[in-house]
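Please examine the sequence and the structure first, and then work through each task in order.

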Amino acid sequence: MPFVSTRATGGPVVSFEKALLDGLAPDGGLYVPTRIPAIEPALWRGAGSMGDLASVVLERWVGDEFELGTLDALVRDALHFPIPLVPVAGGDYGEETFVLELFHGPTFSFKDFGARTMARAMAYFLRRRGRRLRILVATSGDTGSAVADGFAGLDTIDVVILYPKGKVSPIQERQLILKRPGVRALAIDGVFDDCQRLVKQAFLDPDLAAIPLSSANSINIGRLLPQMLYYLMAGAQGGLVAPTFCVPSGNLGNLTAGLLAYRSGMPTRGFIAAHNENDFFPRRLAGEEAAFGPSVATPSSAMDVGAPSNFERVQWLLDPAEQRRLIRGERVDNAATFASMQAVYRETRYLADPHTAVGFEAVRRWRAAGGEGPAIVLATAHPAKFVEIVEEALDITPAMPAGLAAFLEGETQFDTLPADYPAFKEFVMAL
Ligand SMILES: *Cc1c(COP(=O)(O)O)cnc(C)c1O
């Protein structure tokens with residue numbers, strides 16, 4: 001399958017390997033496939049595992065670049081954790097509403113799906129070429145730990161994670177600074193935007209051109225393709241006919257994965273893009289002339305994105321009229337997020353983290369407006385990852401899963417750097 005930049009009009013056509021290892025296209029656009037394979041639902045409906053799904057679905061997207069059997073083995077190895085589809089019928093959410101829990105991976109957010117699969121695919125190509133890669137990743141929380149965990153111990157790749165010191169939740173920080181082979185954590189004296197700026201500057205720095213650098217955020221197509229699989233898994237597990245998917249969204253990577261699955265033939269009545277106060281996309285869907293802006297801080301911090309990078313892929317996939325027909329946008333403000341955590345618990349006894357609660361509120365409004373048929377809310381993080389907010393909203397402390405509690409014990413390692421480029425550059429060069 002050849003890939004091309006969202007911005008290219010007849011520009012260079014590259015392999016999946018190159019799109020994956022480079023991340024961003026040279027013209028600043030995002031890589032997208034040159035065609036979308038049509039996949040009959042009958043082919044995947046009976047699939048029992050992510051590996052089975054991969055051997056049918058991903059095989060048709062990028063299978064030509066992998067030796068036979070390696071792609072599904074890679075997915076089986078990356079995604080061996082459960083993906084429960086939990087019914088949460090009741091109250092304002094309707095009788096046919098479900099949550100798809102995407103937070104049972106090693107770092108307890110859905111970012112594990114993309115990060116773990118991408119890490120193994122990168123390692124596969126690098127090993128074949130005898131190459132090495134250094135990944136720089138700026139994180140506001142969940143991406144960093146998923147990438148650190150997913151890439152740790154791969155002998156062809158080392159990783160540098162930059163996070164804003166004191167600006168992630170205490171458990172997220174422990175997840176980031178856990179000592180792992182091949183991973184260095186940098187606590188930057190600044191905010192998330194500083195971390196991102198340092199990474200961008202490093203990519204453009206001619207002095208670092210000799211170091212093969214790449215990134216691991218959701219601009220990378222390698223993160224999005226495996227995320228299609230859980231959409232299909234949800235339909236396969238529940239036997240649901242054309243469900244509506246509600247996606248708590250920030251950078252729109254998760255939604256884009258759903259749209260790719262839809263374009264490839266997944267039956268659905270549509271999508272709900274549930275955003276917090278960072279409402280660029282809902283405003284666009286409402287026909288407003290919204291522009292990218294700075295992000296605002298909310299209780300669903302992993303969705304605090306003022307300039308969603310995957311909007312460019314959404315535009316490439318669907319024209320504005322199709323977007324409005326297929327996607328309902330919702331903005332859920334901070335007060336409504338807290339109220340939603342309370343209402344979901346009161347009416348269904350389901351304990352939703354703040355990101356998932358934004359999704360529930362969007363579903364509630366959609367039902368009130370006459371939304372029919374099965375609905376699936378994608379649960380993007382475990383509530384224990386945001387224990388302070390759950391306590392504030394509900395006055396209860398979510399049980400900490402053993403795997404998450406383990407992060408509180410292990411040995412830690414990190415360096416602290418000021419938010420200025422020379423210090424960061426020196427660090428990257430000295431590695
Ligand atoms: C990253 C993240 C999101 C947003 O996903 P996008 O793909 O950026 O839209 C939502 N919830 C949680 C918990 C996340 O970590």
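Contact means heavy atoms within 4.5 Å. Helices (H or I, at least four residues) and strands (E, at least two) are DSSP runs, numbered from the N terminus. This is a predicted model, in which local features need pLDDT of at least 70 and side-chain atom pairs count only at pLDDT 80 or more, while totals for chains, interfaces and linings use all residues. Residues are numbered from 1 along each chain as its sequence is written, and side-chain values use heavy atoms, with hydrogens and water left out.

**Exercise 1.** Determine which residues of helix H7 are buried, and what covers them.

*Solution.* Step 1: apply the term buried (under 20% relative accessible area; exposed is over 50%, partly exposed in between; 1.4 Å probe, protein chains only). Step 2: in helix H7, which spans residues 170–177, the buried residues are Ile-171, Gln-172, Gln-175, Leu-176 and Ile-177. Step 3: their cover includes helix H6 (142–151) and helix H17 (402–405), together with strands E6 (157–164) and E7 (183–189).

**Exercise 2.** Describe the largest nonpolar core and the surroundings of Leu-225.

*Solution.* Step 1: a nonpolar core is a set of buried Ala, Val, Leu, Ile, Met, Phe, Trp, Tyr and Cys residues joined through side-chain atoms within 4.5 Å. Step 2: the largest such core has 94 residues, and those touching the most other members are Phe-3, Met-50, Leu-225, Phe-271, Phe-281 and Ile-327. Step 3: helix H9 (residues 221–238) gives the most to this core, namely ten residues. Step 4: once neighbours within four places in sequence are set aside, Leu-225 is in contact with Phe-3, Phe-16, Leu-58, Trp-61, Val-62 and Leu-260.

**Exercise 3.** Classify the ring pair of Phe-113 and Tyr-230.

*Solution.* Step 1: rings of Phe, Tyr and Trp (its six-membered ring) pair if their centres lie within 6.5 Å; planes under 30 degrees apart count as stacked, over 60 as edge-to-face and the rest as tilted. Step 2: the structure holds 19 aromatic pairs. Step 3: the centres of the Phe-113 and Tyr-230 rings are 4.8 Å apart and the planes stand at 65°, so this pair is edge-to-face. Step 4: because Phe-113 lies in helix H5 (residues 111–129) and Tyr-230 in helix H9, the pair ties together parts 117 residues apart in sequence. Step 5: both Phe-113 and Tyr-230 are buried.

**Exercise 4.** Classify the pair of Tyr-350 and Phe-360 in turn.

*Solution.* Step 1: with 6.1 Å from centre to centre and 40° between the planes, Tyr-350 and Phe-360 form a tilted pair. Step 2: Tyr-350 is in the loop between helix H14 (334–348) and helix H15 (354–368), and Phe-360 is in helix H15, ten residues apart. Step 3: Tyr-350 and Phe-360 are both buried.

**Exercise 5.** Is Gly-46 buried or exposed, and is Ser-215 buried or exposed?

*Solution.* Step 1: Gly-46 is placed in the loop between helix H2 (41–44) and helix H3 (50–62). Step 2: its relative accessibility is 72%, so Gly-46 counts as exposed. Step 3: Ser-215 is found in the loop between strand E8 (213–214) and helix H9. Step 4: its relative accessibility is 6%, so Ser-215 counts as buried. Step 5: not counting residues up to four places away in sequence, Ser-215 touches Met-122, Ile-135, Leu-136, Phe-203 and Asn-220.
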